[in-house]
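Please read it alongside the sequence and the coordinates shown here.

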Amino acid sequence: MFGFEKLQGWQRSRQVSIKIYKATADFTSEEKFGLTSQMRRAAISISSNIAEGTGRHTNKDKGRFTEIAYGSALELLNQCILSNDLEFLNEEKYLELRNDITEITAMLDGLYKSQIPN
């Protein structure tokens with residue numbers, strides 16, 4: 001088992017990727033190359049950057065990949081908000097995903113602080 005697989009932030013972001021894939025499967029075909037693609041890429045980017053960062057040698061490099069993962073989480077949140085506004089995501093699914101993303105960003109914040117102490 002690799003170190004990133006033990007991180008709760010990676011585990012949760014992986015679960016969110018699966019939820020995003022399932023949620024976007026119901027989006028209109030017009031959104032296949034729009035929000036569907038953007039949301040899937042942003043969701044995958046979170047766990048991918050966490051994983052890649054753990055393979056870096058310096059804390060500065062590790063922290064940079066954690067920052068990128070955090071940015072991808074915020075990007076995904078924005079896309080979920082827009083999807084709810086456009087009624088592609090119902091309120092219940094939107095709030096569930098928003099809560100998941102909020103938890104992930106808190107975990108990423110903690111991870112970053114452990115990598116780059118003030």
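## Contacts and packing in the model

Glutamate 52 is partly exposed, its relative accessible area being 39%, where partly exposed denotes the range between buried (under 20% relative accessible area) and exposed (over 50%), computed with a 1.4 Å probe on protein chains only. The model is predicted, so that local features need pLDDT of at least 70 and side-chain atom pairs count only at pLDDT 80 or more, while totals for chains, interfaces and linings use all residues. Residues are numbered from 1 along each chain as its sequence is written, and side-chain values use heavy atoms, with hydrogens and water left out.

### Salt bridges

A salt bridge is taken here as a side-chain nitrogen of Lys or Arg within 4 Å of a carboxyl oxygen of Asp or Glu, and by this rule the count comes to 8 salt bridges. Three of these pairs are listed below with the separation of their closest N and O atoms.

| Pair | Closest N and O atoms |
|---|---|
| Glutamate 52 and arginine 56 | 2.9 Å |
| Arginine 64 and glutamate 67 | 3.3 Å |
| Aspartate 109 and lysine 113 | 3.1 Å |

Arginine 56, the partner of glutamate 52, is partly exposed with a relative accessible area of 31%. In the second pair, arginine 64 and glutamate 67 both belong to helix 3 (residues 59-85) and, being 3 residues apart, are separated by about one helical turn; helices here are DSSP runs (H or I, at least four residues), as strands are runs of E of at least two, and both are numbered from the N terminus. Arginine 64 is partly exposed at 45% relative accessible area, and glutamate 67 is partly exposed at 37%.

Aspartate 109 counts as partly exposed, with 33% relative accessibility. Beyond these pairs, a network of salt bridges links Arg12, Lys19, Lys93, Glu96, Asp100 and Glu103.

### Aromatic pairs

A pair of aromatic rings is described by the distance of the centres and the angle of the planes. Rings of Phe, Tyr and Trp (its six-membered ring) are paired if their centres lie within 6.5 Å, and planes under 30 degrees apart count as stacked, over 60 as edge-to-face and the rest as tilted; by this rule the count comes to 3 aromatic pairs. Phenylalanine 4 and tryptophan 10 form an edge-to-face pair, because their ring centres are 5.1 Å apart and their planes stand at 75°. Phenylalanine 4 is buried at 17% relative accessible area, and tryptophan 10 likewise counts as buried, at 12%.

For phenylalanine 27 and phenylalanine 88, the ring centres are 5.2 Å apart and the planes are at 35°, so this pair is tilted. The pair links distant parts of the chain, since phenylalanine 27 sits in the loop between helix 1 (8-24) and helix 2 (35-54) whereas phenylalanine 88 sits in the loop between helix 3 and helix 4, 61 residues apart. Phenylalanine 27 counts as buried, with 7% relative accessibility, while phenylalanine 88 is partly exposed, with a relative accessible area of 25%. Ring pairs also link Phe2, Phe4 and Trp10 into a cluster.

### Helix packing and loops

How do helix 3 and helix 4 pack, and how far apart are their axes? Their angle is about 165°, with the axes 9 Å apart, where axes are lines fitted to C-alpha atoms, for helices over the stretch in contact, and angles run from 0 to 180 degrees between N-to-C directions. Helix 3 is therefore roughly antiparallel to helix 4, given that angles under 35 degrees count as roughly parallel, over 145 as roughly antiparallel, 65 to 115 as roughly perpendicular and the rest as oblique.

The axes of helix 1 and helix 4 come within 9 Å and cross at roughly 155°, and these two helices are therefore roughly antiparallel to each other.

Glutamate 87, found in the loop between helix 3 and helix 4, has a positive phi of about 65° although it is not a glycine, and counts as exposed at 70% relative accessibility. In the loop between helix 1 and helix 2 lies glutamate 30, which counts as exposed at 72% relative accessibility.
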